[in-house]
Amino acid sequence: MKSMPIFAVIGHPNEGKSSVVATLVENDQIRISPRPGETVESMTYPVSIDGQDVIAFVDTPGFQNPVQTLGWMRKFRGPENEVFAAFLEEFRDDPGMAHECELLTPVRDGAGIIYVLDASRPLRQVDKAEMEILRLTGRPRMAILNCKTGEEQFLEEWKIELRKHFNMVRTFNALRATFAERMRLLESLRALEQDWEDALGLVVDAFVRDWQRRNAECAALVCDFLRRVLGMVETAQLADPERRAEVEARLVTRLEERIRREEELLHERVCLQFRHDSRSFVLPQQSVLRQDLFSRTTWTVFGLSKGKLVAAAVAAGGAAGAALDLATLGSSLGLFAAVGGATAGLAALLQGERLVRGTVLGLGIGRRSVQVGPLDTVQWIFVLLDRFLLHYWYVIHWSHAWRGEDFVPATIDEGGKQGFSSTWSREARGLCAEFFKVGAAGDDSRAMTLEMDLRRFLEEELERMSRL
Amino acid sequence: MKHGMRLGDYLDLEWFLEKDRILAPGEILDRDRKIGLAAKAVPLKLYAAYWLEHRRRADAGGLPSRSLRSVLVVLRLVFGVGGLLAGISLVRALLLYSGVQPVNVSVFLLLAVFPQAGLSLLAAGLLALRKLRRNESRIPLRFMFDLFWRRPARLSPQAGFVRALFLQRGWPARMLGWESLRLMHLGGVCVAFGSASGLALSVAVTDLAFGWQSTLQVGAQGMHSLVSTLSAPWSWLPAAWGLTPTLVQIEGSRIILKDGIEALASADLVAWWPFLCMCLLVYALLPRFLLLVSAHWMLRRVEQRFVHPDLGRILDRMQAPLLGSARAGETPSAPLPLGVKPVAGAEQSVLQPQGNVGCVLVLPPELVGRIGDDLLFDLTQRVCGYPAGRIISATLDPDDIRQVLDDCAGLDWVGGFERFVVLVEAWQPPIRENLQALTLLGQADGRRLILVFCGRPFGGNWLTAPDDAEREVWTDAVARLAPLRVDIFGAST
């Protein structure tokens, strides 16, 4: 019977072993500290599929006495394959060798080795001692070059030395690793040991399937969010017509607050989809997402440029008009499409940044009420989508090993706009604009069809972003 | 996709999805995958129904579908029984006969048959119009809800949810539209059935006479033409059954008020009732029944064609393998235990000047030749007041340090004090071997140990300043070596 693949993640203290494990198993709970020596005992983190463990990673403490350990092993005169058992027996009760015993125990028990090292620093004698110890184990082993500071001056030196001791050498930054990089690492682990190929294949397939499901969930979540937000209105009784502006202002504030809450909820749920504890996930300090949804900066950075916005609105208006043309069995010669497109485009051009429009309901006899909402400007759907996508981008790049500092995702800067939507095709932008139009108008049956299309488009978009 | 889900199922689906909104995604995923694994033998098209059934079983509270069903049962009863009573009452009111004035067939047709037929025709026309224009007929739901539920706050959560859903979303309202139509046609069928059965019952248990009259000079022939036209749908049935009055019977049942009915033959006066019965069946009951069936069929079609956007998500969760990783915590860190074990070893000495030695510089072997001697002399001068009298290459492990001490054993130290300056690459974490070595080096009386931390090499410079974190880590580690007297400096570029 083939045994479950277990990989002991081994290395010098503070080289990022816990980070690698946290990233591979997507576990925010693993203790990671910038201070060396925080991991004092081996912890096993199994990956299960449907409740059955299929693979496990063991986070081990760093070497504390590599030179002495190697010296002892070289002096060992017993059978070669018993050196580790003898070492563990000899130092079982020696507190000074506790870390070595901890990290070598899973190896003695048959675990493969993932040797993690920080290749942004020079190679030292202790590193050579560690590599030699691991070579003596005779277990399948891979070295992971984790360039913590990005310095690559010593990379070649490391590679030359590592190739002497390891079956495989890969570069993997646990703090920056994308989903694709994680999968590539797992794929390469398959090649280490033939007996583990099937199990690792299963894990890779499960991760890929799970990632697709997460993207589909996120697409559904954002569509649900948009549907809720686009239809939102606030109404209040208007006892005194003189106070209309005041009542409207109050309603706008209330509406904004509701939209903010919905967006927070969306972001929180996206975090949870990717197994990030929302308490540990923090937006980068300089992120534009830290700006209020209704701030000028948000409006400036996200959404479409004027030209693209008008084009999108024209496409959406044209589509609605085309439906009317169809209803007349074409006898209108596309007039409705042309007029609808032109009107929508003009509206998009003139609407500016207006959030909502206040409307007085009632006939002037008896009770009157003021209604604020729904969202009045097509730009909002692009702003909301851009904010969602940027948040998604942060989330998928927020490593499970990341514990504090900022990083800047690649942003697309085009005409001052940094949102993803400005890079979309004309058809995609038209689809969004039409969804906004029917969503705000409360046309549920059309919105439903468009929602399905939008979901599909967003799923593809999220998949694309995952592969970037 | 044929999934067999009905309006009530969709309402429950929305109800459960709303409940899921407050659950953690992991919890939802876990639950749905378990349902998916249990549904392995179920055909894929029935996965959604299986999921729904599972959720219903697990949910102890009331469900919107039950609320809807209760309301529908009541409404069906009201419409059914009300329709029957209305039909019977209508017919009974028209069949008043006391032996003086026979029941006027024309009035009966005008009040009991034609209105029902007309309404059916109108309903069919509206349906055809809707089909032609491809638009949706909207029912004034808000008005109806406001009418029946004046205080929504007093509704049960399920009923309140259903109300909100019908008002906010188009698809349930659309299905409800067909459901309402079905109810109305059920009422219509019951009215027609009540009318027909009322007539049949009246004929069976009472003495009735039917006749016709007209001021116009149309004559029996005209009436016969009208009757023949009306009875065309069942004209193929045997004439012996007497479902259509003959011309003679029509002539024989004409009422002329000034002549009275005494002269009319009883056989002619009762010949009308099968015809009237057939009229009710064919022009009132049958169209209504067809409309009821079509409304039912349309409802089923809408339900069948409707694919809830979230069904895909649910199926995905049921089918995607559930990935898990243990959420174990880790024990807090503890200071590294120190202990020295004697091991022999040797390293080479780099610089061995003659005469009194102010201090000895211990340099990592990897830095030999990378930092100029003048820089090293300046460094030792700065930190201990003497240039390095000797520079020894050694790693920070006990064996090497023992060798260093052996090599320096016979040195003539300035002022009789041993001074060791150790250049430590602080970017390497202090491992136990390093600390053991420092303990060895610093534990003798009359010996001063000075540590100089340097940072990561950068741009060809190997004597860089350590960063704060590295310096702090080492300072803390060295502090645990107490009571050693150690002076700490940082290298600067």
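Me: A residue is buried if 20 or more other C-beta atoms lie within 10 Å of its own, exposed if 12 or fewer, and partly exposed in between. How many does A:Asp50 have?

Reply: In this predicted model, A:Asp50 has 15 other C-beta atoms within 10 Å, so it counts as partly exposed.

Me: Where is A:Asp50 in the chain?

Reply: A:Asp50 sits in the loop that runs between β2 and β3 (52-59) of chain A. Its phi is near 50 degrees, which is positive, and the residue is not a glycine.

Me: OK, what about A:Asn14, what is its phi?

Reply: A:Asn14 is not a glycine either, and its phi is positive, about 60 degrees. Its place is the loop between β1 and α1 (17-25) of chain A.

Me: Is A:Asn14 buried or exposed?

Reply: A:Asn14 counts as buried, because it has 24 C-beta neighbours inside 10 Å.

Me: And chain A overall, how much of it is buried?

Reply: Buried residues are 47% of the 468 residues in chain A. The chain has 15 helices and nine strands. Of its contacts with a separation of 6 or more, 72% are between residues 24 or more positions apart.

Me: What pLDDT does chain A average?

Reply: The average pLDDT of chain A is 81, and 80% of the residues score at least 70.

Me: Switching topic. How many residues does each chain put into the contact between A and B?

Reply: Chain A gives 53 residues and chain B gives 46 residues.

Me: Which elements of chain A give two or more residues to that side?

Reply: They are β2 (43-49), α2 (66-75), α8 (197-230), α9 (244-273) and α15 (444-467) of chain A. The largest share comes from α8(A), with eight residues.

Me: What classes of residue are on the side of chain A that touches chain B?

Reply: That side of chain A has 22 nonpolar, 15 polar and 16 charged residues.

Me: Last one: how is chain B divided into domains?

Reply: Chain B has domain 1 (64-314) and domain 2 (349-490). Taken over C-alpha atoms, the centres of domain 1 and domain 2 of chain B are 107 Å apart.

Technical notes
Residues are numbered from 1 along each chain as its sequence is written. Chains are lettered from A and ligands numbered from 1 in the order in which they are written. This is a predicted model: local features need pLDDT of at least 70, side-chain atom pairs count only at pLDDT 80 or more; totals for chains, interfaces and linings use all residues. pLDDT is the predictor's confidence in each residue, from 0 to 100. Two residues are in contact if their C-beta atoms, placed from the backbone, lie within 7 Å. Helices (H or I, at least four residues) and strands (E, at least two) are DSSP runs, numbered from the N terminus. Ala, Val, Leu, Ile, Met, Phe, Trp, Tyr, Cys and Pro count as nonpolar, Asp, Glu, Lys and Arg as charged, and the others, Gly among them, as polar. Domain bounds come from an automatic or database domain assignment.
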